Amino acid sequence: MPEIRTRFAPSPTGFLHIGGARTALFNWLYARANGGRFILRIDDTDRQRNVDEALRPILDGFRWLGIDWDEGPEVGGDAGPYYQSQRGESYQAAVDELLDSGLAYRDYATPEELQAEREAAQAAKRRFVYSRKFMAGTGDERRRFEAEGRSAVVRLKMPREGSCRFTDRIRGDMELEWAREQDQVIQRADGTFLYHLASVVDDHA
């Protein structure tokens, strides 16, 4: 059986709260109960919201709770660095691969245009799913949008048909309709990466 590896990745955008401590505790207990390793990563990809003073209380809070980590800040490990802000090359490689394979796309919609679509869906009493109206699928489309002064985020291009089936250890067999899932942003217009890309790339590594 492969080694159990669990992780918790707090964001230094504020101080440790009870929900985060609970999630970390569950991961720590599962690793310890199964002879695995508990990894602590720091999700510091949000440059605008990071608070330098928040990291030390997070680390000290875990130690006060008796939650130690096998890999991470101040401990090291073979899968470092453990600060996501230092792993940009890996994340960019993943974004490029998703774009090249057609599983992601550059989107040039403004916040106002997205809000208008949400309000239209709400008025029609239907679930909001982005229309992809401002998706750039070709180089010509990118140049046209950029000539208008628009900047792009990168979104996952979720399937619009079929379903995702998986087995959850707690809830059992699950099935989710792809058409209900949003095209989540994985890279901001300023080039930084969002947690749900970074965490998956790190977990896979």
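This section describes the overall make-up of a predicted model and then the packing of two of its helices, α3 and α6.

The protein chain contains six helices and eight strands. Along the sequence these elements follow the pattern β-α-β-α-α-β-α-β-α-β-β-β-β-α. Taken along the principal axes, the C-alpha atoms of the protein chain fill a box of roughly 55 × 40 × 35 Å. Of the 205 residues in the protein chain, 36% are buried. Among contacts between residues at least 6 apart in sequence, 67% join residues that are at least 24 apart.

Helix α3 covers residues 88-100. At 1.5 Å a residue, the 13 residues of α3 should span 18 Å, and this agrees with its end C-alpha atoms, which are 18 Å apart. The buried residues in α3 are Tyr-91, Ala-94, Val-95, Leu-98 and Leu-99. Seen down the axis of α3, these buried residues fall within an arc of 135°, so they line one face of the helix. An α-helix has 3.6 residues a turn, so residues three or four places apart point the same way. On the other side of α3, Glu-89, Glu-97 and Asp-100 are exposed. The buried residues of α3 are covered by elements including β3 (104-107), β5 (153-156), β8 and α6. Helix α3 is followed by Gly-102, which has a positive phi, near 80°.

Helix α6 covers residues 195-204. In α6, the buried residues are Leu-197, Ala-198, Ser-199, Val-201 and Asp-202. The buried residues of α6 pack against β1 (5-8), α3 and β8 (185-187).

Two packed helices are described by the angle between their axes and the distance between the axes. For α3 and α6, the angle is about 100° and the axes are 10 Å apart. Angles of 65 to 115 degrees count as roughly perpendicular, and α3 and α6 are therefore roughly perpendicular to each other. On the α3 side, the contact is made by Ser-90, Tyr-91, Ala-94, Val-95 and Leu-98. On the α6 side, the contact is made by Leu-197, Ala-198, Val-201 and Asp-202. By class, the contact of α3 with α6 has seven nonpolar residues, one polar residue and one charged residue. Tyr-91, Ala-94, Val-95 and Leu-98 of α3 take part in this contact and are also buried. In α6, Leu-197, Ala-198, Val-201 and Asp-202 likewise belong to the contact and are buried.

Definitions and conventions:
Residues numbered from 1 in each chain as written. Predicted model: local features only at pLDDT ≥ 70, side-chain atom pairs only at ≥ 80, totals over all residues. Heavy atoms only, no water. Axes fitted to C-alpha atoms, helices over the stretch in contact; angles between N-to-C directions. Helix = DSSP H or I, 4+ residues; strand = E, 2+ residues; numbered from the N terminus. Parallel < 35°, antiparallel > 145°, perpendicular 65-115°, else oblique. Contact = heavy atoms within 4.5 Å. Nonpolar A, V, L, I, M, F, W, Y, C, P; charged D, E, K, R; others polar. Buried < 20%, exposed > 50% of the residue type's maximum accessible area, 1.4 Å probe, protein only. Expected span 1.5 Å × (residues − 1). Arc of directions from axis to C-beta.
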